[in-house]
Amino acid sequence: MDLKATPHTDAIVNGLLKYYLEHPREERFKYALTDFAQKFIKLIDNRLYSPYAKFPLRDTFKKLADFEAIEIITIDDFNRWYEFNFEGNSGTVILDHLESLKDYVNSGITTLD
């Protein structure tokens, strides 16, 4: 591949015009994003700035479920670890996170209706 070669700008511009940019007939020197381009930008924006990233559920699971294999030798050790981390207060924290996420999703569904 020749690094000094000039790209085929006409083909690139035509591709952009076909999928991402439109040239309104009434305004000669103006370009606008197509519906496809706007949806694509919204998709990327949702991926980068996900509204679900606000919920600490993942961090809670990571903190509670992280254990050293050396600490768990018998099944009783595992049961004690499980009871300590996932029952009682910790289990309530996880359920609260899930309820919060459920409320957020339900409000989003209501907004769409």
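A: Let us start with one residue of this predicted model: at 40% relative accessibility, Lys30 counts as partly exposed, because that class lies between the buried limit of under 20% and the exposed limit of over 50%.

Q: Which residue forms a salt bridge with Lys30?

A: The general idea is that a side-chain nitrogen of Lys or Arg must lie within 4 Å of a carboxyl oxygen of Asp or Glu. Here the partner of Lys30 is Glu27, with the closest N and O atoms 3.7 Å apart, and Glu27 is itself partly exposed, with a relative accessible area of 36%.

Q: How many salt bridges does the count come to by this rule?

A: The count comes to two; Asp77 also forms a salt bridge with Arg80, where the closest N and O atoms are 2.5 Å apart. Both Asp77 and Arg80 lie in helix α4 (residues 75-86), three residues apart, about one turn of the helix.

Q: Is Asp77 buried or exposed?

A: Asp77 counts as buried because its relative accessible area is 19%, and the limit for that class is under 20%. Of the 113 residues of the protein, 13% count as buried.

Q: Which helix gives the most to the nonpolar patch?

A: Helix α2 (residues 35-48) gives the most, with six residues, to a surface patch of about 920 Å² whose members include Tyr19, Leu33 and Phe36. Phe36 is found in helix α2 and is partly exposed, with a relative accessible area of 45%.

How values were computed
Residues are numbered from 1 along each chain as its sequence is written. This is a predicted model: local features need pLDDT of at least 70, side-chain atom pairs count only at pLDDT 80 or more; totals for chains, interfaces and linings use all residues. Side-chain values use heavy atoms; hydrogens and water are left out. Buried means under 20% relative accessible area, exposed over 50%, partly exposed in between (1.4 Å probe, protein chains only). Patches are made of residues with over 30% relative accessible area and no salt bridge: like charges are joined within 9 Å, nonpolar side chains (Val, Leu, Ile, Met, Phe, Trp, Tyr) within 5 Å. Accessible areas come from the Shrake-Rupley method with a 1.4 Å probe; for residues, only the protein chains shown count as cover. Helices (H or I, at least four residues) and strands (E, at least two) are DSSP runs, numbered from the N terminus.
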